Amino acid sequence: MAKATKKQALGRGLSALLKDPENDIQSASDKNADKVVGNIVELDIDAIEVNPFQPRSYFNDEALQELATSIRELGVIQPITVRKLDFNNFQLVSGERRYRASKLVGLETIPAYIRIANDQESLEMALVENIQRQDLDPIEIALSYQRLIDEIQLTQEKLSDRVGKKRSTIANYLRLLKLDPIVQTGIRDGFLSMGHGRTLVNIDKKEDQIAIYEKIVGQNLSVRDTERLVKAYQEGNGTPQKATSTAAKTPDFVKSAKNELSQHLSSKVAVQATENGKGKITIPFNSQEEFLRIKKLLIGH
């Protein structure tokens with residue numbers, strides 16, 4: 001506890017340093033820059049502006065409220081990253097969900113890492129750091145890869161080195177952008193997995209993509225079911241064929257309890273069960289904060 005208090009005090013001390021006009025740090029070579037750049041500082045939320053280069057364009061309201069609840073209970077566990085623009089004026093590089101959720105809660109300050117970078121560096125920094133996040137959906141990752149290729153003018157080989165991913169992995173993400181926007185939205189909303197999307201990319205006609213997408217969602221088809229469905233389509237007459245789903249019929253006791261469990265945890269809970277009562281419960285989470293919130297609800301601490 002003493003260590004955490006000391007760390008918070010240090011952050012407040014650095015915050016005061018940044019508010020001193022005589023210590024206005026503009027570059028890494030300025031006096032006291034080494035005390036601020038790369039360190040965690042408690043910044044006034046009102047002194048931070050949203051990054052216009054933010055690659056993330058979609059924020060799920062429900063997930064944002066869940067994160068806000070977690071921050072209200074546990075605080076901001078992972079600092080945001082900002083770059084210094086001017087005296088006591090900063091711009092987000094990464095962490096917009098935490099920033100938005102903190103504002104929803106009414107926090108006046110937020111822990112932040114401070115960097116000094118120009119606009120081009122800020123764009124690349126935001127894109128690369130966002131790709132490393134665990135809560136991005138496959139379409140957001142694909143869009144970030146595409147922006148790095150288009151705006152930073154990286155080849156897939158150089159991008160592979162920059163983000164530490166295999167070229168084939170990057171190519172698989174980029175292929176998702178060939179899907180119809182309706183199907184892409186289904187992936188972003190969690191109705192389809194990346195595996196479903198990679199299979200649907202093999203369907204050229206967008207209307208057939210959508211038709212198969214509707215079957216996947218309506219019949220709760222697995223990726224393997226979808227692969228059979230697409231194969232039947234490709235070997236057929238061009239009309240999406242019905243696949244034989246291996247998904248088991250959901251028992252009544254699961255149907256009645258699933259919604260209660262989802263409401264209690266404020267999270268979409270997936271339940272798979274056979275008629276003889278065997279199965280598994282899957283509880284997704286989008287961040288460390290959300291995981292800790294769910295853990296607290298489940299075990300009380």
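Predicted model: local features only at pLDDT ≥ 70, side-chain atom pairs only at ≥ 80, totals over all residues.
**Surface and overall numbers**

I started with the surface: the protein exposes about 16700 Å², and carbon and sulfur atoms supply 49% of it. Those areas come from the Shrake-Rupley method with a 1.4 Å probe, and for residues only the protein chains shown count as cover.

Residues are numbered from 1 along each chain as its sequence is written, and side-chain values use heavy atoms, with hydrogens and water left out.

Next I looked up burial: 41% of the 301 residues count as buried (under 20% relative accessible area; exposed is over 50%, partly exposed in between; 1.4 Å probe, protein chains only). For contacts (heavy atoms within 4.5 Å), I took those with a separation of 6 or more, and residues 24 or more positions apart account for 65% of them.

**Strands**

I got 14 helices and seven strands, as DSSP runs numbered from the N terminus (helices are H or I, at least four residues; strands are E, at least two). Two strands pair if DSSP finds at least two bridges between them. I checked E5 (residues 109-115), which runs antiparallel to E1 (residues 40-44) with five bridges; Tyr113 in E5 is the bridge partner of Ile40. E5 also pairs with E3 (residues 80-86), in the parallel sense over four bridges, and there Val82 has Ile114 as its bridge partner.

**Cores**

I then went for the nonpolar cores, meaning sets of buried Ala, Val, Leu, Ile, Met, Phe, Trp, Tyr and Cys residues joined through side-chain atoms within 4.5 Å. The largest has 34 residues, and Tyr145, Leu148, Leu159, Val163 and Leu200 have the most contacts inside it. H6 (138-151) gives this core its largest share, six residues. Apart from it I found another core of 19 residues, including Leu67, Ile71, Ile80 and Phe90.

I listed what Leu200 touches, leaving out residues up to four places away in sequence: Leu179, Val183, Leu192, Gln209, Ile212, Tyr213, Ile216 and Val230.

**Helix H7**

Last stop was H7 (residues 156-163), whose buried residues are Leu159, Ser160 and Val163. They sit on the same side of H7 because they cover an arc of only 105° around the axis, taken from the directions from the helix axis to the C-beta atoms. On the other side of H7, I have Lys158 and Asp161 as exposed. Just after H7, Gly164 takes a positive phi of about 70°.
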